[in-house]
Amino acid sequence: MKNDDDTRSQVPYLLQLLDDDTAAVRRRVMDTLEVLGADLELLAEPHLPELNADQHDALRQVLARQRKAWLRERWPSWAAVEGRRPRIEAALSLLARFQLGVEFPLSPGDLLDDLADDFRGSGLTPDAFGLAKFLFEEVGLSGNRDDFYNPLNSNLISVVLSKRGIPISLVAVYMLVGRRLGLDIQGCNVPNHFLARVIHDKRIVLVDCFDRGRVVEAGKLLSRSPANLRQLQMLRNGSDPVRTVQRVLHNLNHAYRRAGDHDLSAFMIELLGITARRKAN
């Protein structure tokens, strides 16, 4: 049996066999490539222009299986992280690496650090409202209304780079940059939406990150939409990490299903099941 070094040297030739006429050969090639794990993405990248459509499809299948195995193994780890917001960041960072590739050169943490450093030098008021002005006016983060159901709208790396996202991912950027600045910003579930929650002058104030940081007082929101006691409690306490991550997974499930990617849709449901079981325990 060949060792890993032999397999690595054979990658260009193995890739060319991904569309072999014989099904048994194709299966063996895919199994051999899969042994390389996360390294396969880097090893295959220089040879991508040489591949035809069928070879690309077969390689994507191998990489998809590897990424799922990688995330399935590491997914429980985020729940053990100390702190509500670090826990959310850990889960979303795993999802970002899963979507873009486990060897992707950028990390959510580095991008969020950069935003925090830029805010410190902005001269704006060092509070949650100054940060909202910075992120949603000066940096230009906003809701992706034109491509709302793109799965990458839930990806912290993609959201920071493209400056577009959905409510929960934009809140996550705001909340996690705020954590680096010592600001107490939390997420908050409201009917059919997800907002950021801050305390100002002993009042709950909600920030609509999807609408360029528009500020809404919680009392006014409740007066427009009568809330039951459970909704009022959610406004008071914010969204806990498990519920936040579950909502992200629900969004991804819907986005992949809408895109016709039933395999990844099913995988998001699998992760939801793992998350629910850990919460129950």
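1. Arg67 and Glu41 are both buried, where buried means under 20% relative accessible area, exposed over 50% and partly exposed in between, with a 1.4 Å probe and protein chains only. Their side chains meet in a salt bridge, 3.1 Å from N to O, the term standing for a side-chain nitrogen of Lys or Arg within 4 Å of a carboxyl oxygen of Asp or Glu. Because Arg67 lies in helix α5 (residues 53–74) and Glu41 in helix α4 (residues 39–44), the pair ties together parts that are 26 residues apart in sequence.

2. This is a predicted model, in which local features need pLDDT of at least 70 and side-chain atom pairs count only at pLDDT 80 or more, while totals for chains, interfaces and linings use all residues. Residues are numbered from 1 along each chain as its sequence is written, and side-chain values use heavy atoms, leaving out hydrogens and water.

3. Helices here are DSSP runs of H or I with at least four residues, numbered from the N terminus. In helix α8 (residues 128–138), Lys133 and Glu137 are four residues apart, separated by about one helical turn, and their side chains form a salt bridge of 3.0 Å, N to O. Lys133 is partly exposed at 36% relative accessible area, whereas Glu137 is exposed at 51%.

4. Arg214 forms a salt bridge with Asp211, with the closest N and O atoms 2.8 Å apart; Arg214 is partly exposed at 40%, and Asp211 is also partly exposed, at 32%.

5. Across the whole structure a search finds 17 salt bridges, and Glu89, Asp113, Arg179 and Arg180 are linked in a network of them.

Key:
Helices (H or I, at least four residues) and strands (E, at least two) are DSSP runs, numbered from the N terminus.
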